[in-house]
Amino acid sequence: MRIGVFICHCGSNIAGTVDCAKVADAAKAFPDVVHAEDTMYACSEPGQQGIIDAIHEKNLTGVVVASCTPRMHEPTFRRAVERAGLNKYMFEMANIREHVSWIGKDKELNTNKAIDLVMMAAEKLRHNAPLMAKKFDINKRVLIIGGGVAGIQAALDCAEGGLEVVLVEKTTSIGGKMAKLDKTFPTVDCSCCILGPKMVDVAQHPNITLYAHAEVEEVNGYIGNFEIRIKQKTTYVDWEKCTGCGLCMEKCPSKKSYDHFNNGVGTTTAINIPFPQAIPKKAKIDAEYCRMFTKGKCGVCAKVCPTGAISFEMTDTEVTENVGAIVAATGYDLFDHAKYPEYGAGKYPDVITSIQYERLMSASGPTSGHIKRPSDGKEPKNVVFIQCVGSRDKSVNRPYCSGFCCMYTAKQAILTKDHIPDSRSFVFYMDIRSPGKDYDEFVRRSIEQYDTQYIRGRVSLIYPQGDKMIVRGADTLAGAQVEVEADLVVLAVGAESAAGAPQLAEKLRISYDSYGFYMESHPKLKPVETNTAGVFLAGACQGPKDIPSSVGQGSAAAAKVLSLFSKDQLESDPQIALVNASRCIGCYKCVETCPFGAVKEEQDRFNNPKARVIETICQGCGVCTVTCPQSAIQLQHFTDNQILAEVKALCPSMMVKN
Amino acid sequence: MSIRISYYPGCSGKGTSSEYETSTTGVCQALDVDLVEIPDWSCCGSTPAHTVNHVLSSALSARNLTLAEQEGFDTVTTPCPSCLSNLKIAEHKMRKESFREAVNELLDQPYGGGVDTKSVLQVLVENVGLDKVRERVKTPLEGLKVACYYGCIMNRPPEVMDFDDHEHPMAMDNLMEAIGAEVIPFPLKVECCGASFGIPQQNIVTTLSGKLLEVAKGLGVDALVTACPLCQMNLDLRQGQINAAQGTQHSLPIFYFTQLMAKAFDLSDAVQGMKRLIVNPQKALAKIGQADKEIA
């Protein structure tokens, strides 16, 4: 073997605390190393050309680059050696930046450690073998989970790009949180007016199949070839027949049903269409309130339905869809303010959440857009907004900033003045976070033109006195305690991960953080990818996001799917587990431990039990490798021999004893 | 099954709040709780001592805990939240070795640690239980509308007090409901009454306690129920001062919760100690039993 070693300075990042020339000199003495040099930036165009030229001039058959982390530039250098005609797995990388120069100041010790790491890489390379990726066909259909604005955007972009889209929505209508909003910041345009047409486009697009009131039950398969089981939850209404006329809602005698769409502001009927612009505009029976289910008799809706769509016997059904990629766009939920006893823990009717306030202001809401407080229906004159309810508060395990509450509070204060010109709005805030385009100007407008009084401090107590709510808090700028008599208190509740988010993540085999938000593959460079190939993220399921960011991510995820599907076949990663059938004793410990279900039980031609790895499912985690008592299953590119070669290089004296 | 527990009455129980003391011991006796008074108990070290020196304050508490330990008890109960707070904080602080050593230097007999303190309220709710209280009721307080006021230190700081919700406690509310009273949720149930500022800066007490009375009045209750001698004194004894300072005309009886329990248990007048209250409670007490009659 003829190995070339390249030691990168990374400007002064590495060269500042590592003697790169000395490392290169030392590498010349390693077995099979025929060329070693130090280079200013190995990843730069001239740096890569230098590697390619050396391969040609010195007839190199393998390359070691000592530079940054492989997460950064391993693909870069693999492509470079491939361009020079080598197999891209005949390349090893030693991380002498994150593991050496950035963490130690002693140049001599750093240089010695860098030499050790390069020696290990060279030793591993000596045991490497060329690996070839296999190709497989992909199913160019995409599943989008969640019909909020992020999911809608992703669905429309994919559909416009010619892909078949399966959109699964948990509730009976798409639209998500945005459909509930009255207006949007910073332009104060009507939320439903800008979202509505997109929702209609989803309904009418020939490439989109919409499953509303449905949930993903099970996900099998792998990138390019997923099999999805979808549960179509029963609505007790045959949607093929339902025309959305709404006659059933007029006649339903059970008028005290919880109104999910209006977040409990007002009530609705047991059979209902959630809102006028719903897509699909179909009725559903809420069995918890329907008299047919609670008392066993009624059936008024069945009698009045002109198309005979009502069916009390209807049950959940299941459908299976095959897709090649998945976009999770499951959004977020709002913090439950019952965790704040000092704010009344939800027992005061005139202390409401921001989303309830949106419904009170919305023209299509339960009060037809007239702001009436829940307790007595009076128009409030003093409205107090409290920010950071369930945001930036460790005591309720929500240390993160929800990001959009400062903006929607400014918007709600502006709208309050528009609705009730003689009203006054007070905002208790910690800091105003308004870093978006035209955002800070918008907050200033709320303060300067709409006379919103911003008070910097937390609220310690809300209590009723007469028909007022007394809001007591600190004014930290004045250094005083303040009390405001409010007619209505609006809590700017923060975002938390959607209910059931971790369970769905486990079905999708993607990671989530300790708050249930889905983990992107890289926080900066791979914001819509996950670590599971073929699964992408859009919107607030990845972290709290406002509408522009959610739409941006929806389009970004769609672009990722479209670029994935621009090929007819995909290459599988050859760094996967492989069973040496002659050593396998068929104990199937690997089958039990594989987190991806990638190892299958099989029989050889003598009917001996053997394990086999399905290449397209294996993610190369290596769990099976350490489980196998026979060392029969080996992770390619990380075989026992390759790893032991590295260990041996690092501690030769200890290995002699074996 | 009777409960035997070490008892720390505290100084106010033997003086200003003797009606709390008589009703506490009476109610406990009626519920088979054997209160064994700590022999030769001394000051808990609250207000005056702990404003000057934490080690001294904790030493005063630790002396009493040691005496209880010597009697073979691992738990002490006290009706007074100030005593409760100081005894518990002393125990909590002395889990740190350097602090324990400093305290023990002041004591003849070193405190070994590990003696828990509970309020009488906690013992009644947790150890005796609401069912047993309900069983013992002879005259349910039906018709009496009350709000429960816990004061600011009964449940705070939560990591030391370790009982009930520190912002929204319910123990006393549940207890009052168990003896038949109608309990109106009191939004200021854990607010400060002004505490011992009644002496150096009376206006703090008249403002803060005045607010409590104002809000209670707005709720339409017949009385406030307290568990703290200092709160009770500020609200009851100083109600006249509050009225003078705030220009109000409150006449709201302020009971100890144990007094109302004694009432419901039909214990003697001496145990109930109603005569020791400053604001005349007769009008409120006369409502007991009236609710039924109205319906009839």
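Guide: Let's begin with a word you'll need: a strand here is a DSSP run of E with at least two residues, and strands are numbered from the N terminus. Keep in mind too that this is a predicted model. The part I've picked is the loop between strand 8 and strand 9 of chain A, where you'll find Val188(A). Strand 8 covers 183-184 and strand 9 covers 189-190, and Pro186(A) lies in the loop between them.

What is the phi of Val188(A)? It's about 55°, a positive value, although Val188(A) is not a glycine. To see what to compare that with, remember that most residues other than glycine have a negative phi, and most peptide bonds are trans.

Over in chain B, Asp40(B) has a positive phi near 60° and is not a glycine either. You'll find Asp40(B) in the loop between strand 2 (33-37) and helix 2 (47-52) of chain B. Asp40(B) has a relative accessible area of 59%, so it counts as exposed.

Ser446(A) is in helix 14 of chain A, which spans residues 439-448. Its relative accessible area is 0%, so Ser446(A) is buried. What does Ser446(A) touch, leaving aside neighbours within four places in sequence? Its contacts are Ala410(A), Ala413(A), Ile414(A), Asp451(A), Thr452(A) and Tyr454(A).

With 11% relative accessibility, Ser85(B) counts as buried. Not counting residues up to four places away in sequence, Ser85(B) touches Ile153(B) and Met161(B). Check Val160(B) as well: 75 residues separate it from Ser85(B) along the chain, and their C-alpha atoms are separated by 8.4 Å.

Take the contacts in chain A between residues at least 6 apart in sequence, and 69% of them join residues at least 24 apart. Chain A exposes about 29,100 Å², with carbon and sulfur atoms supplying 51% of that. Its side chains include 74 positive and 75 negative ones, and the centres of those two sets lie 3 Å apart.

Chain B has 16 helices and eight strands. Its radius of gyration is 19 Å, close to the 19 Å that the globule rule gives for 296 residues, so chain B is as compact as a globular protein of that length. The box around its C-alpha atoms is roughly 65 × 50 × 30 Å, and buried residues make up 54% of the 296. Chain B exposes about 12,700 Å². The mean positions of its 25 positive and 35 negative charges are 5 Å apart.

Last stop: how do the chains meet? Nine residues from chain B and 10 residues from chain A take part in the contact. The size of an interface is often given as the accessible area lost when the parts come together. Between chain B and chain A, about 860 Å² is buried, and carbon and sulfur atoms give 58% of it. On the chain B side, Glu167(B), Pro187(B) and Lys211(B) lose the most area to chain A, together 46% of what that side buries.

Conventions
Residues numbered from 1 in each chain as written. Chains lettered and ligands numbered in written order. Predicted model: local features only at pLDDT ≥ 70, side-chain atom pairs only at ≥ 80, totals over all residues. Heavy atoms only, no water. Helix = DSSP H or I, 4+ residues; strand = E, 2+ residues; numbered from the N terminus. Rg over C-alpha atoms; globule rule 2.2 N^0.38 Å. Buried < 20%, exposed > 50% of the residue type's maximum accessible area, 1.4 Å probe, protein only. Areas by Shrake-Rupley, 256 points an atom, 1.4 Å probe, with all protein chains shown as cover. Lys, Arg positive; Asp, Glu negative; His and termini not counted. Charge placed at Lys NZ, Arg CZ, Asp CG, Glu CD. Contact = heavy atoms within 4.5 Å. Buried area = accessible area lost by both parts, 1.4 Å probe.
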